[in-house]
4 protein chains.
Amino acid sequence: MDKKTEEAIEKVIKNDPFGHLLGVQVVDFSVGYARVSMTIQPEHQNFHGMTHGGVIFSLGDIAFAIAGNARGKTAVALNVDISFLQATEVGDKLIGEAKEISLNGPIGLYEITVTNDNNQDLIAKSQAVLYRKKESFIKD
Amino acid sequence: MDKKTEEAIEKVIKNDPFGHLLGVQVVDFSVGYARVSMTIQPEHQNFHGMTHGGVIFSLGDIAFAIAGNARGKTAVALNVDISFLQATEVGDKLIGEAKEISLNGPIGLYEITVTNDNNQDLIAKSQAVLYRKKESFIKD
Amino acid sequence: MDKKTEEAIEKVIKNDPFGHLLGVQVVDFSVGYARVSMTIQPEHQNFHGMTHGGVIFSLGDIAFAIAGNARGKTAVALNVDISFLQATEVGDKLIGEAKEISLNGPIGLYEITVTNDNNQDLIAKSQAVLYRKKESFIKD
Amino acid sequence: MDKKTEEAIEKVIKNDPFGHLLGVQVVDFSVGYARVSMTIQPEHQNFHGMTHGGVIFSLGDIAFAIAGNARGKTAVALNVDISFLQATEVGDKLIGEAKEISLNGPIGLYEITVTNDNNQDLIAKSQAVLYRKKESFIKD
């Protein structure tokens, strides 16, 4: 992959409107890998005053999408299984990390974790199935 | 359940900060059931210009949380398995619906669907395991 | 689909060595649907004396495989999420049922249930993602 | 845990009728961990002539059950999400391995892998939620 293509992929991947709404930062990524972070704000709570499950899922999903699309081929999630392990709250800094475990034709398996950067607690763990299309989302 | 308790539960359930950030409306709920809706906005897109998987998950998760907490006992998600079936886009009105399939001691199984109200397409389907604590979140 | 092809598909589908080892009977099937049954024997127990989770899964998986292959195209399971709801024991007659919820290109979503025919209890519920290959397993 | 209790637990765990039917060997186990193996026989095939998904699941489930019950407290599976990654065939020696990722009150999360000992291919990967009861299955 040449430099120009790499930059074009990075530009697409970082232009994620929902990631921006949540305040997610892209820390690092490469083919089949991504690490992102966010700090929990009051508007990320559920009605019990804990971080909303949808926020935890979304943070992991953003890492997953970046890792899975980093080859420049359009990839979409088919299935995600998420286990919620610990609650978090406003002010916690969370890290979402996704890595490719297996890639077999158009189908990939990813492992996703969300951890609390304050105490290294594992907050949620997912395994996720991806479908990779043949077409590239980078136009020459 | 008396009228006062019902109203107290409804007040808690509708005070969901992340649901408000997404623009989710509570359409209907009862013990073990909920129906919610939202209209997709530009800030709900992913970097491919489709509705973000995290938004789809969150809409279903909000229905799940309401259905599971409608008895007034604190309930939390242990595990959610979501399959994504169709893409949606800005302007689509989505319906999230959750219903209890089984309740056995502290453990419940819920079925969650997200459908596109414009064409009745099934957008995502989940099965979700809930853990119900003994304590009530309604104080006398 | 002509009569000869239908019979060829049925012959393949019913020739399932592991299904035979478990004593599974094919009750009914059509494109995207199957219903199978088995009676729990002493050798199907786990070390707690209940029906083994692997037996429950396998019964549902056999229904899933038949439903998913009933078009005569080779289909394989990508992902199955199973929730175990009730225990069963030796002598219980269990019904496995699978039906197609969605089919989008090569990817299908199936819902699978295992029920106890004695009391209609829901024993397990799964959602399962299938990948359908282009090639037929029926040779002319 | 004294020697006598350990031996009583081992005796229960190794007395698994369905494991015996499949020819599963217990290689190693400790609290929160187990490793088991089996060699695929003709009766473990599906109707496509590959190892049956139910056999793959069962091998992992046997490892999971041993790891989860190795404290001597009765533990049952609530939910298992399995992704199938590679096919195997008659004569392959498969290894099932389960390890505890998290334990929070009565709820545990386990990671389960099935690998092909011939070529180290990852055959299937699961994450599984366990519910641990208070009662011991070892009587004094």
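Trainee: Helices are DSSP runs of H or I with at least four residues, strands are E runs of at least two, and both are numbered from the N terminus. How many helices and strands does chain A come to?

Mentor: Chain A has three helices and six strands. Along the sequence they come as α-α-β-β-α-β-β-β-β. Keep in mind that this is a predicted model, where local features need pLDDT of at least 70 and side-chain atom pairs count only at pLDDT 80 or more, while totals for chains, interfaces and linings use all residues. Residues are numbered from 1 along each chain as its sequence is written, with chains lettered from A and ligands numbered from 1 in the order in which they are written.

Trainee: What percentage of the residues in chain A is buried?

Mentor: Buried residues are 49% of the 140 in chain A. A residue is buried if 20 or more other C-beta atoms, placed from the backbone, lie within 10 Å of its own, exposed if 12 or fewer, and partly exposed in between.

Trainee: Now the sheet. What is the order of the 12 strands that include S1(A)?

Mentor: The order in this open sheet is S1(A)-S2(A)-S4(A)-S5(A)-S6(A)-S3(A)-S3(B)-S6(B)-S5(B)-S4(B)-S2(B)-S1(B), with antiparallel pairing. Two strands pair if DSSP finds at least two bridges between them.

Trainee: Which are the edge strands?

Mentor: The edge strands are S1 (25–30) of chain A and S1 (25–30) of chain B, each pairing on one side only. From one strand to the next, the twist averages 20°.

Trainee: How many bridges join S3(A) to S3(B)?

Mentor: Five bridges join S3(A) to S3(B), and the two strands run antiparallel. In that pairing Val80(A) stands opposite Ile82(B). Within chain A, S5 (residues 107–116) and S6 (residues 122–136) are joined by nine bridges, again antiparallel. One of the partner pairs there is Val114(A) with Ala124(A).

Trainee: And which strands does helix H3 of chain A lie across?

Mentor: Helix H3 (residues 53–69) of chain A lies across S1, S2 (33–39), S3 (73–84), S4 (93–104), S5 and S6 of chain A, together with S3 (73–84) of chain B. H3 runs at about 45° to S4(A). Axes are lines fitted to C-alpha atoms, for helices over the stretch in contact, with angles from 0 to 180 degrees between N-to-C directions.

Trainee: Switching to the interfaces, how many residues of chain A are in contact with chain B?

Mentor: There are 33 residues of chain A in contact with 33 residues of chain B, where contact puts two C-beta atoms, placed from the backbone, within 7 Å. S3(A) gives the largest share of the chain A side, nine residues. By class, that side divides into 17 nonpolar, 12 polar and four charged residues. Ala, Val, Leu, Ile, Met, Phe, Trp, Tyr, Cys and Pro count as nonpolar, Asp, Glu, Lys and Arg as charged, and the others, Gly among them, as polar.

Trainee: How many residues does the contact take from chain A and from chain C?

Mentor: That contact takes six from chain A and six from chain C. S3(A) gives the most on the chain A side, with three residues. By class, that side has four nonpolar, one polar and one charged.

Trainee: Last one: what is the phi of Gln120(A)?

Mentor: Gln120(A) has a positive phi of about 65°, although it is not a glycine. Most residues other than glycine have a negative phi. Gln120(A) lies in the loop between S5 and S6 of chain A. With 8 other C-beta atoms within 10 Å, Gln120(A) is exposed. Gln120(B) also has a positive phi of about 65°.
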